[in-house]
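Please consider the structure shown below.

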Amino acid sequence: MTSPHPEGVSLPPHRPLSDWIAGVRPGLPGRPPGLGRVNDGDERTDARTMPRFRTQPWTRTSLVVERAGEHCRALALRASDGSEVVELDDFGAPIAVSETGAELITRLEEDWAEPGADLRTVARLRDEGLALRYFLLHRLTRETAAPPPLFHCLPWEHVDAAARSATALLHAETGTPPASPTPPPDGELRHWFTPAASSLAGPLQVLEAGLRTERTGAWFGREAANLLSGLLAVETQRLPSATRDALAGLADALAEADRALHRPARLAAARLTGIRPVTSMRRLLDSDFVLRASSGETRSDRSEFLEEWPVAAVLTMTGNRLLEIEMEIEDHPAPPRRRTVDGPLFQPVTVRPAMHTGTPSAGQGNRYWILLHTSAGALHGFIAVLAPDHTFEVDLDAPPMPLRFLDRLSPEELEASLPANEHVTLSEWHHMIDDLAPRHPAHAALAAYASRHG
């Protein structure tokens, strides 16, 4: 059986799980086989894309080799001519596997389009090394729609511990310590969970460590927003129920810690638990809404209102086809200290065209950033952008992010947001941007904006 590929090309089922391999060389008498250079000397090449694994059949196997001075059974492949390669982890060491584990990988690869994900298969994978599980799931997510329960083989108990610890630390800050002490997580989460969910383990680990060590300076807004973005995007059934509950508890704690995060945090918790539904801050606007802008109707007739405490937003189409988005967040009487340290806060909004079926086009559209001005008891923002010609969606679900942490955006994306914030003057932009890190894309965005609007 061959495996499907995104380009529609059928590939042999048994190919490297890892991006590094090493050829096997005969060992000295009484010693295990030796290994050649990583990827035949080209470490930058991804072994999974090497032509030899696409043009000839290989058999999945395992071999006893030497690892860190000791004998180790490693994941391997054997070609029809008898040549063999061993798969390597991120450190260039052989990926350990048991004999039964290699047999299990063989069966999974032969059913690659629909691999088994029953309780026994998941339990058997948990008996294997973490590196093996990571590389298996990583290649599965690249090449096929992996069954969600298969991801339960990852060590989610470490994520659970980090989430419970961060939750307890946030509660302690508000004067509600947990009923029993919550131990810190055991070890780093690292990258092991990225096949199941991006922007989850990384920000969670930094958030928990920052709270536990009482880290100072600007950091909290970035990690909280990144974690919530990950929770809003994750395929929830990839997470075991205990993990979903632990992360939902943390999202609830973030909602109480900062009202700027309240609504996206509650939405994340609702996605994870399936209870306490939260109204989405998305609105699909059809062509009639666009046409009303030029029909002479009153402004209220061509406005749409979205509200979910503490957020309220008004979407209005003007006669010259500008979409005005005005939003307000009911804030704490005194803003949280961490937010004031992080600096100016920006709310992302995505305007994306709908497909012919009337559903939004996933991954398309334009994202803008609304400056949230701080006033007595409220955060308030306004932008005006050119509306798409036909039916489109306005999406305000994502969490706000401090400007200093928008450092991975393109200057072009930020530049489009500067004139859209019509109520912000050039001098105000300079006040916010001039002291940012020298390589922050806002500098280039502001220079381009000033050259045209200065």
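The following points are grouped by topic.

This is a predicted model, in which local features need pLDDT of at least 70 and side-chain atom pairs count only at pLDDT 80 or more, while totals for chains, interfaces and linings use all residues. Residues are numbered from 1 along each chain as its sequence is written, and side-chain values use heavy atoms, with hydrogens and water left out. Helices (H or I, at least four residues) and strands (E, at least two) are DSSP runs numbered from the N terminus.

**Packing of H5 and H6**

- Helix H5 (residues 156–173) packs against helix H6 (residues 201–212) at an angle of about 40 degrees, and their axes are 9 Å apart. Axes are lines fitted to C-alpha atoms, for helices over the stretch in contact, and angles run from 0 to 180 degrees between N-to-C directions.
- H5 is therefore oblique to H6; angles under 35 degrees count as roughly parallel, over 145 as roughly antiparallel, 65 to 115 as roughly perpendicular and the rest as oblique.
- On the H5 side, the contact (heavy atoms within 4.5 Å) involves Val159, Ala162, Ala163, Ser165, Ala166, Leu169, Leu170 and Glu173, which meet Leu204, Glu208, Leu211 and Arg212 in H6.
- The residues of this contact between H5 and H6 comprise eight nonpolar, one polar and three charged. Ala, Val, Leu, Ile, Met, Phe, Trp, Tyr, Cys and Pro count as nonpolar, Asp, Glu, Lys and Arg as charged, and the others, Gly among them, as polar.

**Backbone geometry**

- Trp309 and Pro310 are joined by a cis peptide bond, with omega about 10 degrees. Pro310 belongs to the loop between strand E7 (303–308) and strand E8 (311–317).
- Asp40, a residue other than glycine, has a positive phi near 55 degrees; it is placed in the loop between strand E2 (34–38) and helix H1 (52–55).
- Glu214 likewise has a positive phi, near 55 degrees, and is placed in the loop between H6 and helix H7 (220–233). Glu214 is exposed, at 67% relative accessible area (buried means under 20%, exposed over 50%, partly exposed in between, with a 1.4 Å probe and protein chains only).

**Buried residues**

- Thr316 lies in strand E8 and is buried, at 4% relative accessibility.
- Leu108 in helix H2 (residues 99–110) is buried, with a relative accessible area of 5%.
- Not counting residues up to four places away in sequence, Leu108 touches Pro115, Gly116, Thr121, Leu125 and Leu136.
- Leu108 and Ala384 are 276 residues apart in sequence, and their C-alpha atoms are 52 Å apart in space.
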